[in-house]
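Let's walk through a protein structure together, one piece at a time.

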Amino acid sequence: MCRGRQVTITVLYFARLREDVGRERDEVASTGEVQTVGDVWRGLHGEPPARLMAAVNQAHARLDTPVADGDEVAFFPPVTGG
Amino acid sequence: MAVRLFARPFDPWALVQERERQLPLERLGACSVFAGRMRDFNEDEDVRALFLEHYPGMTERDLERIVAEAETRWPSITCEVAHRVGAVEPAEILVLVAVWSAHRVAARDACSEILERLKHEAPFWKRERLADGTERWVERNTPGQ
């Protein structure tokens with residue numbers, strides 16, 4: 001139980017995905033129903049699109065990567081650097 | 001290891017020379033350098049400008065991870081990696097990967113590996129401005145070309 005303490009997961013969007021979503025960040029209350037990166041996306045936007053990339057605390061992640069209170073979760077399209 | 005992001009144009013050859021002044025060159029028989037420039041065409045269209053978005057913090061960490069993993073695989077190498085962010089004009093340098101080693105194979109293979117992993121893993125996204133003023137996100141890098 002975390003009564004009396006506000007715990008959240010910060011969600012960031014980049015590039016085309018930020019434009020599709022229409023904002024650059026969300027705050028998600030950390031509850032027992034949000035266990036993974038995929039849960040974070042589904043809770044906000046429904047089924048994840050194909051080729052969705054993600055990171056947790058600035059390290060590459062997958063949809064089944066666990067998330068915890070205070071994490072920074074980022075979603076972005078395929079990368080095109082170099 | 002040195003990984004740097006530049007919001008302004010940079011001279012890759014000056015970076016290579018600057019780094020070489022600090023290296024024991026008498027022990028480094030090979031230096032493999034890749035320098036990538038912005039083209040003024042992509043998918044048969046004229047491209048006038050590029051904006052390179054990145055993920056501040058993660059981009060630097062991810063480049064350092066890619067270089068560190070190459071240094072684990074080829075323990076003898078020394079690396080210099082630089083990448084532009086923000087607004088870029090045609091013919092400006094986008095990326096530098098320089099790898100020094102005692103022998104040519106490690107330098108060449110590590111340079112190629114770092115570049116390919118950078119292109120497929122590091123969080124950068126290109127947005128192009130075309131001749132007619134419209135803009136578009138680059139959906140993917142040209143595979144292995």
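Here, two residues are in contact, or touch, if their C-beta atoms, placed from the backbone, lie within 7 Å. With that in hand, look at Lys119(B): leaving out residues up to four places away in sequence, Lys119(B) touches Gly81(A), Gly82(A) and Asn141(B). A word on the source: this is a predicted model, in which local features need pLDDT of at least 70, side-chain atom pairs count only at pLDDT 80 or more, and totals for chains, interfaces and linings use all residues. Residues are numbered from 1 along each chain as its sequence is written, while chains are lettered from A and ligands numbered from 1 in the order in which they are written.

Where does Lys119(B) sit? Its place is in helix α3 of chain B. Helices (H or I, at least four residues) and strands (E, at least two) are DSSP runs, numbered from the N terminus. A residue is called buried if 20 or more other C-beta atoms lie within 10 Å of its own, exposed if 12 or fewer, and partly exposed in between, with C-beta atoms placed from the backbone. Lys119(B) counts as buried because it has 20 C-beta neighbours inside 10 Å. Lys119(B) and Pro143(B) are 24 residues apart in sequence, and their C-alpha atoms are 9.6 Å apart in space.

Now for the contact between the chains. Chain B brings 23 residues to it and chain A brings 14 residues. On the side of chain B that touches chain A, the elements giving two or more residues are α2 (58-73), β7 (93-101), α3 (104-121) and β8 (124-130) of chain B. The most comes from α3(B), with five residues. By class, this side of chain B has 12 nonpolar, five polar and six charged residues. For these classes, Ala, Val, Leu, Ile, Met, Phe, Trp, Tyr, Cys and Pro count as nonpolar, Asp, Glu, Lys and Arg as charged, and the others, Gly among them, as polar.

Let's move to chain A. An open sheet of five strands there has the order β2-β1-β5-β3-β4, with mixed pairing; two strands pair if DSSP finds at least two bridges between them. β2 (25-29) and β4 (59-61) of chain A are the edge strands, each pairing on one side only. From one strand to the next, the twist averages 30°. (Axes are lines fitted to C-alpha atoms, for helices over the stretch in contact, and angles run from 0 to 180 degrees between N-to-C directions.) Strands β3 (residues 53-56) and β5 (residues 72-76) of chain A run antiparallel and are joined by four bridges. Ala54(A), for example, has Phe75(A) in β5(A) as its bridge partner.

Helix α2 (residues 37-45) of chain A packs on this sheet, touching β1 (8-13), β2, β3, β4 and β5 of chain A, and its direction makes about 105° with that of β2(A). Which residues of α2(A) are buried? They are Val37(A), Val40(A) and Trp41(A). Seen down the axis of α2(A), its buried residues fall within an arc of 95°, so they line one face of the helix; the arc is that of the directions from the helix axis to the C-beta atoms. After α2(A) comes Gly46(A), with a positive phi near 85°.

Chain B has an open sheet of four strands in the order β1-β5-β7-β2, again with mixed pairing. Its edge strands are β1 (2-6) and β2 (30-37) of chain B. β1(B) and β5(B) run parallel, joined by five bridges, whereas β5(B) and β7(B) run antiparallel, joined by six. Helix α1 (residues 12-20) of chain B packs on the sheet, touching β1, β2, β5 (78-84) and β7 of chain B. Seven of the seven residues of β5(B) are buried, so this strand is largely enclosed by the rest of the structure.

Finally, find the largest nonpolar core, which has 53 residues. Such a core is a set of buried Ala, Val, Leu, Ile, Met, Phe, Trp, Tyr and Cys residues joined through C-beta atoms within 7 Å. Those with the most contacts inside it are Val73(A), Val81(B), Val99(B) and Ile114(B), and β7(B) gives the largest share, eight residues. In soluble globular proteins, nonpolar side chains tend to be buried together.
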